[in-house]
Amino acid sequence: MAAHTTTPASAPATNGPRRGRSILATRPLMAWRTVDILTIAFLGAAFGVAYWGWGQAYEVPSTALTTVYPPLAGITAAPWLMAGVVGGLVVRRPGAALLCEVVAALVSMVPGTKWGFSTFLAGVLQGLGAELAFAILGYAVYGLGAAALAGALSAPLEVAYEWVTYYPDWAWDHKIAYLAIMTAAGAVIAGGLGWLLTRALAAAGALNAFPPGQEHREVRAV
């Protein structure tokens, strides 16, 4: 493993412009900037509106899938895992994934949801899973693989909660299948689409103040 060089607190920890190397947030990582907080709030709010909309539309595809095999409902749950992935990919500071998912959950509750307070609990559980993924990677890797891991790990805590609250009568083969399906769907849908959305925002110039924007500029400069 290559040694990491120390960078000044005011400079981006880029580790050089090598292709494939993630650009990190400015040091120290816990020193959140005002723009970081505002961006997480904006992203969380935008996802919250999208989450609420998906809550109105998901029943048709969910019913179709569960008619075939009940645990396939995990596929339609995956879009609700995306906010934490994108928040972590954009801001790249400890707590960003968790905070973005929680804000999204809270905003989705404003118009009203049939799940009530459990929506907030789901946001916390899903956000903790995404946060764990970035922590495992040392808050130093933010490529497609990291996004997929964050999407995948957003699922298990939520699934465990749903086993108790929504599916207590399921046999264990259904419960384990639901866990596997939502985890895989989280990696592909929340992780893959979250990564693509982050890249699209960077390409549009919306993330110039963040590492994804700098990565986009460096790739174009090569």
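In this report Lys and Arg count as positive and Asp and Glu as negative, while His and the chain ends are not counted; the place of a charge is taken as NZ of Lys, CZ of Arg, CG of Asp or CD of Glu. The model is predicted: local features need pLDDT of at least 70, side-chain atom pairs count only at pLDDT 80 or more, and totals for chains, interfaces and linings use all residues. Residues are numbered from 1 along each chain as its sequence is written, and side-chain values use heavy atoms, with hydrogens and water left out.

The protein chain has 10 helices and zero strands (DSSP runs numbered from the N terminus: helices are H or I with at least four residues, strands E with at least two). Along its principal axes, the C-alpha trace spans about 55 × 40 × 30 Å. The 12 positive and 10 negative charges of the protein chain have mean positions 17 Å apart. Of its 222 residues, 43% are buried (under 20% relative accessible area, with a 1.4 Å probe and protein chains only).

Helix H6 covers residues 118-136. Its buried residues include Ser-118, Gly-123, Glu-131 and Phe-134.

Just after H6, Gly-138 takes a positive phi of about 70 degrees.

Technical notes. Buried < 20%, exposed > 50% of the residue type's maximum accessible area, 1.4 Å probe, protein only. Expected span 1.5 Å × (residues − 1).
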